[in-house]
Amino acid sequence: MPTPEDVIAAWADITPWVQSTLPGLAQQQSLPNESQDAGDIGACNGLNMPGSTAIWGSDGDATITLTSLKIASMAGVQSQTATSVDGTTMHLPLSFSQLEIAGNYGYAQPCALYDMGKKTSTTTTNGSGTLTQTFNNSSLYYVATLADTVTLNSVVVNGSPTVAVHPDTGGMPAWMAAIGNFFSSFHEADALRTNVQNIFLTADFSQTMIGLLNNQIGS
């Protein structure tokens with residue numbers, strides 16, 4: 001079985017590959033689509049006409065869907081020294097200057113027209129656009145298990161992403177801010193981190209990396 005010292009040395013040996021090749025392999029890797037209820041994002045306000053006594057308001061939670069999510073870039077990757085957690089578990093850390101996830105969003109907000117307190121009509125306000133979610137000056141580490149070979153157990157991505165929203169249709173400032181706040185909320189930030197971690201654990205580029213590490217240990 002490889003020792004922690006074997007893994008530390010082999011991780012250092014594959015540093016040039018990790019820093020120069022892994023970012024290019026990670027780029028354009030797809031993440032799963034997401035669909036989440038976002039509550040009232042204020043999109044119905046755009047239907048209201050000045051001077052009208054009837055008011056459009058939310059008629060239920062808006063649904064926001066994220067599609068075509070990909071790792072758009074991974075820049076400034078630096079391989080850090082591997083560390084031993086115990087005799088069978090290692091951390092294989094990387095730092096990076098930027099990890100950017102890009103894709104499309106769409107929303108559908110149910111709306112109702114209230115006149116003198118009564119609902120008189122319903123509709124759905126839709127919008128779509130692109131978004132960019134960015135981790136800046138952050139890091140991740142692979143959790144590796146030592147047995148007959150070294151295998152990847154999990155990945156931890158540090159830092160919190162910032163989100164930029166670019167509307168194609170729709171675009172009232174109030175609900176644009178609400179969408180940005182939604183994507184930056186703890187729940188959505190945590191969901192994004194989980195998806196990124198899963199990609200870095202299961203994608204081909206990570207399997208190639210761990211194969212190189214094992215080859216180096218065995219050489």
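User: Hi! How many disulfides does a search of the whole structure find?

Analyst: Hello! The search of the whole structure turns up one disulfide. Its partners are Cys44 and Cys111, with 2.1 Å between their sulfur atoms. Keep in mind that this is a predicted model.

User: Which parts of the chain does the pair tie together?

Analyst: Cys44 sits in the loop between strand E1 (34-39) and strand E2 (55-58), while Cys111 belongs to strand E6 (residues 89-115), so the bond ties together parts that are 67 residues apart in sequence.

User: Is that disulfide left-handed or right-handed, and why?

Analyst: The torsion about the S-S bond of Cys44 and Cys111 is about -90 degrees, so the disulfide is left-handed.

User: And are the cysteines buried or exposed? Start with Cys44.

Analyst: Cys44 is buried, at a relative accessible area of 1%. Cys111 is buried too, with a value of 0%.

User: What is Thr125 in contact with, leaving aside its neighbours within four places in sequence?

Analyst: Its contacts include both Cys44 and Cys111. Thr125 itself is in strand E7 and counts as buried because its relative accessibility is 13%, under the 20% cut-off.

User: How far apart are Thr125 and Pro2?

Analyst: In space they are 58 Å apart, C-alpha to C-alpha, and in sequence they are 123 residues apart.

User: Switching to charges: how many salt bridges does a search of the whole structure find?

Analyst: One salt bridge comes out of that search. The side chains of Asp59 and Lys119 meet there, at 3.0 Å from N to O. This pair links distant parts of the chain, 60 residues apart: Asp59 is in the loop between E2 and strand E3 (62-75), and Lys119 is in strand E7 (residues 118-146).

User: What about accessibility for Asp59 and Lys119?

Analyst: Asp59 counts as partly exposed, with 29% relative accessibility. Lys119 is also partly exposed, at 46%.

User: OK, rings next. How many aromatic pairs does the structure hold?

Analyst: There is one aromatic pair in the structure. It involves Phe200 and Phe205, whose ring centres are 5.2 Å apart. Their planes stand at 80 degrees, so the pair is edge-to-face.

User: Why edge-to-face rather than stacked?

Analyst: Because the 80 degrees between the planes of Phe200 and Phe205 falls over the 60 degrees needed for edge-to-face, whereas stacked would call for under 30. Phe200 is buried with a relative accessible area of 0%, and Phe205 is buried at 2%.

User: Back to E7. Is Ser138 buried or exposed?

Analyst: Ser138, which is found in strand E7, is buried with a relative accessible area of 11%. A polar atom of the Ser138 side chain lies 2.5 Å from the backbone oxygen of Asn158.

User: What else is Ser138 in contact with, besides its neighbours within four places in sequence?

Analyst: Apart from Asn158, the list for Ser138 has Ser95, Phe96 and Gly159.

User: Last one: which residues are buried in helix H1?

Analyst: In H1, which spans residues 4-13, the buried ones are Pro4, Val7, Ala10 and Trp11. They cover an arc of only 130 degrees around the axis, so they lie on the same side of H1.

Notes: Residues numbered from 1 in each chain as written. Predicted model: local features only at pLDDT ≥ 70, side-chain atom pairs only at ≥ 80, totals over all residues. Heavy atoms only, no water. Disulfide = S-S within 2.5 Å. Helix = DSSP H or I, 4+ residues; strand = E, 2+ residues; numbered from the N terminus. Buried < 20%, exposed > 50% of the residue type's maximum accessible area, 1.4 Å probe, protein only. Phe/Tyr/Trp six-rings, centres within 6.5 Å; stacked < 30°, edge-to-face > 60°. Salt bridge = Lys/Arg side-chain N within 4 Å of Asp/Glu carboxyl O. Polar contact = N/O pair within 3.5 Å; in protein donor to acceptor, adjacent residues only side chain to side chain. Contact = heavy atoms within 4.5 Å. Arc of directions from axis to C-beta.
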